[in-house]
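Dear colleague,

Please find the structure below, handed over for your study.

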Amino acid sequence: MLAREQSVAFAKDSPVAVTIYRVRRQMPHYHLNELEIIMCLRGEVEVYSMHEKHVLQAGDIKEADTYDIHTVTANAKASDNLVASFHFNLNHPLFAGKGYELLYYVCNSDGAGKAKKPALDRLRRVLWALLYEEVHANKARIPTLSAEVLQILRDSFQYFNDINLDDAYSKSMQDRFEHIIAYMLKNYADRITMRDICQIEHLNYNYLSQFFKTTSLKTFRAFLHEIRVYHSEHMLLCNTEMSVPEIGYACGFSDPKFFYREFKKKHGHTPHQHRIWYRNYNKLIAEDTVFSLDEKKQELNDCVACFYSNLICESLIPLSAP
């Protein structure tokens, strides 16, 4: 096993759990029914998710969807770091039944363009406010802030927003896309055609075809392949007894060669090389140093104050925050 499932203990009735730690080199892992946002508080860390490397400095964030295999490691040149992970319990009544676990998000500080910066700044402000309330055990605002975090993700950082070039399609199509992606995530291993989707969603075939043409994906088929490759990573890293052809078939690919090609297109290397990379990475795994909120209370207060001070200087928030 090259990656494992990891769960977080949530306090009674709380929709979020915040962990403060100094990272060294985590084992690759994923969370079921939890959405994580990683925030660098001090120093510099590297996050690997979908085998993409994201470098986070103080104040930067990276989201990890439920089921995303990811890992955080200290930057070799800046090992003194402090990180906060916000874990949102998607089984909590605040989120349950709203489909959050069946959505893709693309949210990271180093990949947010100018158009997304206002939404990213707003998300960071809410996360800092949430951290402040957690540090001071002010439970009353935590559900409201937690709900706002996930709503910002849903409104501005869905995969739909990432592929919808020039915002050519409206909120109604985003809602449709949520239904489409949820269906495909549940049935990716089966034979799925665009006509199936049109029938289920009562959409015109030409309309849906045109939608994909105007996105960065270009075709429905490319979207289906991306979902299948996404799920294949779990089998590669969590079911190492399975051969690569077996994994390709299990994810809905009818030809192992085609699976190899699509996987390499996404990750830049073959499935075999993917396993080798993680096997070598895991040779140097080292446990995080986890701190209680009380242990780091003063430093966390300073971090929050520094962040809000910078925002006040940029005239982004009123002087009364947080």
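Is lysine 265 buried or exposed? Lysine 265 is exposed, its relative accessible area being 60%; here buried means under 20% relative accessible area, exposed over 50%, and partly exposed in between (1.4 Å probe, protein chains only).

Please note that this is a predicted model, in which local features need pLDDT of at least 70 and side-chain atom pairs count only at pLDDT 80 or more, while totals for chains, interfaces and linings use all residues. Residues are numbered from 1 along each chain as its sequence is written, and side-chain values use heavy atoms, with hydrogens and water left out.

Lysine 265 has a salt-bridge partner, glutamate 262, with 3.2 Å between the closest N and O atoms. A salt bridge is a side-chain nitrogen of Lys or Arg within 4 Å of a carboxyl oxygen of Asp or Glu. Both residues belong to helix 9 (residues 256-267), where they stand three residues apart, about one turn of the helix. Helices (H or I, at least four residues) are DSSP runs, numbered from the N terminus. Glutamate 262 is buried, at 7% relative accessibility.

A search of the whole structure gives 15 salt bridges. One of them joins glutamate 133 to arginine 141 at 2.9 Å, N to O. Glutamate 133 is buried at 6%, whereas arginine 141 is partly exposed at 40%.

Lysine 296 pairs with glutamate 299 in a salt bridge, the closest N and O atoms being 3.5 Å apart. Lysine 296 is buried at 14%, and glutamate 299 is partly exposed at 24%.

Conventions
Helices (H or I, at least four residues) and strands (E, at least two) are DSSP runs, numbered from the N terminus.
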